[in-house]
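Thanks for coming. I will go through one model this morning, starting with the interface and then turning to one chain. Please have a look at it first.

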Number of protein chains: 2
Amino acid sequence: MTKYVYTFGGKTAEGNASMKNELGGKGANLAEMCLLKLPVPAGLTITTECCTAYYKNNCQLPKGLMDEVHAGIKKMEKIMGMKYGDPANPLLVSCRSGARKSMPGMMDTVLNIGLCSKTIPGLIKKTGGNERFVYDSYRRLIMMYADVVMEKAEGIEPADGQGIRKQLDDMLDAYKEKKGYKSDTELTADDLKKLAESFKARIKKVLRTEFPDDAEAQLEGGIKAVFKSWNGKKAVSYRRIEGIPDDWGTAVNVQTMVFGNMGDTSATGVAFTRNPATGDNQFYGEWLINAQGEDVVAGIRTPNPLNNETKNEQNKHMKSMQELMPNTYKELCEVRRILEDNYHDMLDIEFTIQDGKLYMLQCRVGKRTGVAALTMALDMLKEGRIDEKEVVMRLSPEQLDELLHPILDAADEKKHTVIAKGLPAGPGGAVGRIALTSEKAKEYRSAKIANVLVREETNPEDVEGMRAADGILTARGGMTSHAALVARGWGKCCIVGCDAVKIDFDKKIVHIGDKQFKEGDVISLNGAKGWVYAEPVGMINATENPLFKKFMKLVDKYRKMGVRTNADNPEDAQNAVNFGAEGIGLFRIEHMFYGKNSEKPLAKLRNMILTDNTKDRKAALKELEPYIRKAAKGTLKVLDGKPLTFRLMDPPLHEFVPKIDEKEKIAALAKERGMTQKELVKRITALHEVNPMMGLRGVRLGIVYPEITETQFRALFQATAELMKEGFDPHLEIMVPLTINVKELEHQKAIADRVQAEIEKKFGVKINYMYGTMIEIPRATLVADQIAKVAQFFSFGTNDLTQMTFGFSRDDVNAIVKDYIEEKIIPADPFNTLDQEGVGQLVKLGVERGRSQRANLKCGVCGEHGGDPASVRFFYKTGLNYVSCSPFRVPVARLAAAQAAIEEERSKK
Amino acid sequence: MTKYVYTFGGKTAEGNASMKNELGGKGANLAEMCLLKLPVPAGLTITTECCTAYYKNNCQLPKGLMDEVHAGIKKMEKIMGMKYGDPANPLLVSCRSGARKSMPGMMDTVLNIGLCSKTIPGLIKKTGGNERFVYDSYRRLIMMYADVVMEKAEGIEPADGQGIRKQLDDMLDAYKEKKGYKSDTELTADDLKKLAESFKARIKKVLRTEFPDDAEAQLEGGIKAVFKSWNGKKAVSYRRIEGIPDDWGTAVNVQTMVFGNMGDTSATGVAFTRNPATGDNQFYGEWLINAQGEDVVAGIRTPNPLNNETKNEQNKHMKSMQELMPNTYKELCEVRRILEDNYHDMLDIEFTIQDGKLYMLQCRVGKRTGVAALTMALDMLKEGRIDEKEVVMRLSPEQLDELLHPILDAADEKKHTVIAKGLPAGPGGAVGRIALTSEKAKEYRSAKIANVLVREETNPEDVEGMRAADGILTARGGMTSHAALVARGWGKCCIVGCDAVKIDFDKKIVHIGDKQFKEGDVISLNGAKGWVYAEPVGMINATENPLFKKFMKLVDKYRKMGVRTNADNPEDAQNAVNFGAEGIGLFRIEHMFYGKNSEKPLAKLRNMILTDNTKDRKAALKELEPYIRKAAKGTLKVLDGKPLTFRLMDPPLHEFVPKIDEKEKIAALAKERGMTQKELVKRITALHEVNPMMGLRGVRLGIVYPEITETQFRALFQATAELMKEGFDPHLEIMVPLTINVKELEHQKAIADRVQAEIEKKFGVKINYMYGTMIEIPRATLVADQIAKVAQFFSFGTNDLTQMTFGFSRDDVNAIVKDYIEEKIIPADPFNTLDQEGVGQLVKLGVERGRSQRANLKCGVCGEHGGDPASVRFFYKTGLNYVSCSPFRVPVARLAAAQAAIEEERSKK
């Protein structure tokens, strides 16, 4: 029979840290901590496999599971010296989720399970008559259990959205009001007892079931509810964003309850073994005396600092644990050491002190900002904890990207006044319009308007709005609050716990300090300092960080695949070279028809497009040639010695002429060109295509109008010849776009050969260049062996290849792709991350067949995917020689390539 | 050393009929006739391989070739008892081309080679002093040689297009005029002698070379010129049309000259061993006394009938060979018998009688009409000459197609001039008045006036006009354009993409080429060739032939692959069943939105499209459902027991709503729907797609709007249930279009299952149907194994698959495809004939992967290629279970499938 339950506790465990897939992250690490002899309340973990079985089994627990659980509970009882459901010495448990990857706050938890009329008196006795504590725990159990197990897990849709939790909260508030209490702590044991009874009555009335007054029933209900919450709305949408597969399932951890709220010798806290925002090697955390764990995370009370070293503006007046509980703090520091020695990484830990005794409740590798990841990795290299390759693996490509993100311009910041300070929870800077709801943030995002989401605090429902925002500002919460965790995970600028923020939702107004803002007003955030400004502040690119350079050196040391850039002018080329690009993988001459200084070449291009005879077309091309030559020459000069891959023109012809209904533009253009409007309209109509994506494009243009190809070769060869004469070292690679077979390449090559001979004769030089092709039409991959007879290199255009392989027009399927991801039909947008299953097959085929013909065929990729880390890994595995991406993505691609090489090496071991 | 020369003559030969690839058709058959002991003037054949070597060798004859030729000439001299270049007894030769496949008139020939000042006296003596004959032969040699060898083969471009041949012809005419001669026969020996001299002087002046007065030089020049003519303009363009590869090369036949023009005991003729027009078993031919072969073919003199049996209106007054040369005729009849006994086929022969002696100069399998092919094949089966399988192989699919449509009378066509050429999109012929609008065509139709609908291009609104027309001619569009698809579906004569057509709607005038027509003028179309005539051309009706039925029975006896039809209504279904369809492979419900009775369902569809909310969409669909049900039910009823493959709706949404600039239509529709014009325009704009071919189509529609899928399943299942109750046997197969992965199929299947259960419960029946998918997106072929987990059958949509695999939009690339074929970049229009090299790979992959998952997976094809013989052969080889094509193509597909099966069997032997 499958083993579904793994126990831990008493300085031993059945599992260990490597069993994340089976036990979830939390369960595996609890087991590991036990093996490290750390103080962990005994517990058991039900495997993720059991969750999968539960769903396969039509939401029934597998047969025999509860027997296994009971056997585990027996062990826990023995270790803890208590008995579950025992009237005299009752053991209480928590039921918590724990997936392979952390999904903070996305699934449900039930605490204090095992409290019922049978066990309450025993617990009171055990706690020295602390009736208030016990009834407070009891009413918490009832509230959580009713919400999570009895309502949500049963799929009950509350009428008017008035869920049971809300109703019970309202009852609590009403009771307090009646009694004139301001805080929960004023509630007496008797109050809580009464409240528990009225809660149970309300539950029965609303949910038509009794709250189970039975430890056994509570336990089974708790386990089921955690499984059920795996498919809760929040969890599903989080998985969608994070790309976590639906079939992973969650584990359930049933663990002995320990209480941080049993008086002033009790406490609870969370900490990072190093500073997760800066990477500094300092023990960094927050704690609260006489509190339960959720109080720290929820952001209701502002927590105390862990030690003196890390006090900040907000909490410098508060006592640290170092000050108040020096011995326990020392014990915790030792735990920190042991964990870092064992995990060789920064850890995020949760602990509770029950009546002076320290318990570890969780440890996991901690989330960190890009800067922190960089700093820690290089520090740990110095400390000898990790080797160079591991350093390279420690920074995710996304974190590296974060380092490249813009920040507020410090010089400009000085000119503005900080109107409020909060906790620096997420990196970088942000300037944008205030959005008071997630909906508003999303609205701004789709209109491409920079925005800052301003909230009292965030909760999991806000996840999509947070993603849509450029920055996040919350009034409440600490560095480990929901908003902080999520923002840091994404490398998004975020300030939390900024209590100067007061929001009036009804009036759609927010006060920050003494300033008043309407939704839509612009503010600025400095995420590294936690500072807020009332006006737009200038932004600059992340400055040259010496650690960054050191890191990239290591990256390049282990990288095997080349990284080039897609750039169309000298400036971008220089920029990309600064970012480490080893050449240009895609140079689009069409660039010169857009933006400033484009009027003249554009006019020539229009002449070329709008004529209906070869003579005039040739004349227009002759005038266009110097512009092409100049553009190519300028960039080749910057690259001096590095290759430039020039794609033969593939202009969307119809984009360069007015639309049929643009009457004024047509009139103007007709006048300019000295043709009648009717003639012009006729010509524009002739250019119209039903599906321009699959029409007169790419090499087709060069075959129908060979003079277009000829002009480009002339410009390129002449630019090369001139540069050679001037003492430069131009490395020209010319590629033909949209190829479907080798004959097209032969056709264009014949033109090239003729022009080359002509230019060589004229300049008295020998021009060396590579002649290649884009592989971006499915057919090209199928006949790649033939194509490689002529092509000296392949550049996979995975954008178009994805379009044709899916039959997805990028311009049209945006909404469809969204629906498809929503309906779980495809896992991700194939234009962002290469569809390895489908399009990837064609890339692989193209490479294999091409090299079967020409063993040393150089293969690269120049689609958007060249800057996507997952795709870069795939391209490395597929044996590509290089990827090419936009200048800003070059470091990311370099890192992804290096990591792929290291992963490959590791997998071979 | 490679053997380049094969001799024949003296009732023996080095080659034989099976060596067509090496010796060309003519050479192989000359050898075969020698082996059959028939009287053939001795000669030699230089192989096609030598031609290839010649071109590889930069147009130099291979070394040693002329030595081989001389050895061969020696043999010929011995057999014929003459000597080449000998003053006393000179042997003259002809140099003729002969490729693997006949290319009549496309390459060059030189006759009388070997005549020079040295041999002329001997020949005069040998012919009993026939000086006139010898000098006539000489001036013919000079004229041909100057043209073919000295000018064309040397690649000399004559100034003003005044080639040497034209100049010599003019000189001849001038001479005759000066002398007052009316015919060549009046020229005396002396005249001819003088002419020869002035010819030679002109040649020297114009071509700057002497006409070679040397038998040796003439021979080598002749051989080279024939090789050269393989790449002449005519030959190349003929090969392009006939699909003959450029690298086949031509053989050269050097054969002893015999003369049919040596007086009244000499003659020349051509004959078919059976009537090539009717297939009747009668010896059919034409001959001329005292003439050379070219005189018969050239049509200058009206030739005599071969025998009395075959005299006709034109030649009944003329003497037959049977009458004038009864013995030779008897000898020729014996030749006919021997040849048919040997070749088991109808032959096309050429003969010459020199001074009473019969010589065979050529035999080859004769071209024939479809009717003739059918008649002969079945006759020869009766005669025991061929077996049943051979009968099936004897009729090409094109010939069969010819039998199914009324066509222009080929004899009458010759009397008219082709004024424009377009793509042959629909079969048969049409003669009728020009209608420029659908309304006009319908008007003509109701007045029973034959008419041809002439349009820029057609769209769905024209469907009724197209039905009303006898033929369709469009200026734009390709073989798979709307007009072509519709026309072919109906078996209607149609020419598309005829860019010589310019319509002026305002003036109701159309220009075709340089002719101008008014609406109502009569034109004629040859749909098989794509030719347009300015006048009425005679038509012939292909009558109901009982032989056809007999033939198709044999076809089905040897056919292994199924043939279905693409039909969308009961009438077409019935029609196709009559043509032998075994079911429907593609039923498009969209049909009901076109043509008559479409107003109501179209209004519902518009409601469905134009609403922006699910509620209204569901309401519209509810009203649409009965129409779908009725359409499906009616056709299922006709098919009773035969399968109907229903494709889930894949409507081009934007085609069903007015265009943005159609102000009046928008106003009307807005009024009808009770919405503002602004709202309507907004909705239409939202429907706009940049590349509709790759947008919201197919299954995507069913996933975004599952209610559309649900409605269709409900209609189909209910139709099935009703028919079952009524005692019919509905075989429903439902397929999902545009699938990219298995998840889409699962998504739609869940809807199907729910509706099925509902209908089964309501009607108390168990519905059996097959659930499958179209494979028409490249990605689907790549993940076909996964798709086959859910799909019970695949139907390859090779139209869309071709579009995506090539990145060719059918609507746009017509002109590009033309250029591509012209530039030899692709061999044929991939929308006509499946691109086996590229798209074929994906079809193969799809079948293999699909069956790797589901061994008995039924695979078919429903693209236009299902009716293309070459593609059908490929589909058979690829293991498809069936092809589906338009009703009129069903017999063609049946034949192609049977031939593929027989070919496969033969290739295994």
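How much area do chain A and chain B bury between them, and what share of it is on carbon and sulfur atoms? The two chains bury about 4100 Å², 57% of it on carbon and sulfur atoms; buried area here is the accessible area, with a 1.4 Å probe, that two parts lose on being put together, summed over both. In chain A, the residues that lose the most area to chain B are A:Met694, A:Arg779 and A:Ile825, together 16% of what that side buries.

Before going on, the conventions. This is a predicted model, where local features need pLDDT of at least 70 and side-chain atom pairs count only at pLDDT 80 or more, while totals for chains, interfaces and linings use all residues. Residues are numbered from 1 along each chain as its sequence is written, chains are lettered from A and ligands numbered from 1 in the order in which they are written, and side-chain values use heavy atoms, with hydrogens and water left out.

Back to the interface. Chain A gives 46 residues to the contact and chain B gives 46 residues, contact being heavy atoms within 4.5 Å. The rule finds four salt bridges across it, each a side-chain nitrogen of Lys or Arg within 4 Å of a carboxyl oxygen of Asp or Glu. A:Glu837 and B:Arg779 meet in a salt bridge through their side chains, at 2.9 Å from N to O. On the side of chain A that touches chain B, the elements giving two or more residues include α28 (742-763) and α33 (839-853); helices are DSSP runs of H or I, at least four residues, and strands are runs of E, at least two, numbered from the N terminus.

Now chain A itself. It has 35 helices and 34 strands. The C-alpha atoms of chain A fill a box of roughly 105 × 60 × 50 Å along the principal axes. Of its 909 residues, 59% are buried, that is, under 20% relative accessible area with a 1.4 Å probe, protein chains only.

Is A:Gln255 buried or exposed? A:Gln255 is buried, at a relative accessible area of 4%. It sits in strand β8 (residues 250-256) of chain A. The side chain of A:Gln255 reaches the backbone oxygen of A:Pro41 at 3.1 Å. Leaving aside neighbours within four places in sequence, A:Gln255 has contacts that include A:Phe8, A:Met76, A:Ser94 and A:Leu361.

How values were computed: Buried < 20%, exposed > 50% of the residue type's maximum accessible area, 1.4 Å probe, protein only. Polar contact = N/O pair within 3.5 Å; in protein donor to acceptor, adjacent residues only side chain to side chain.
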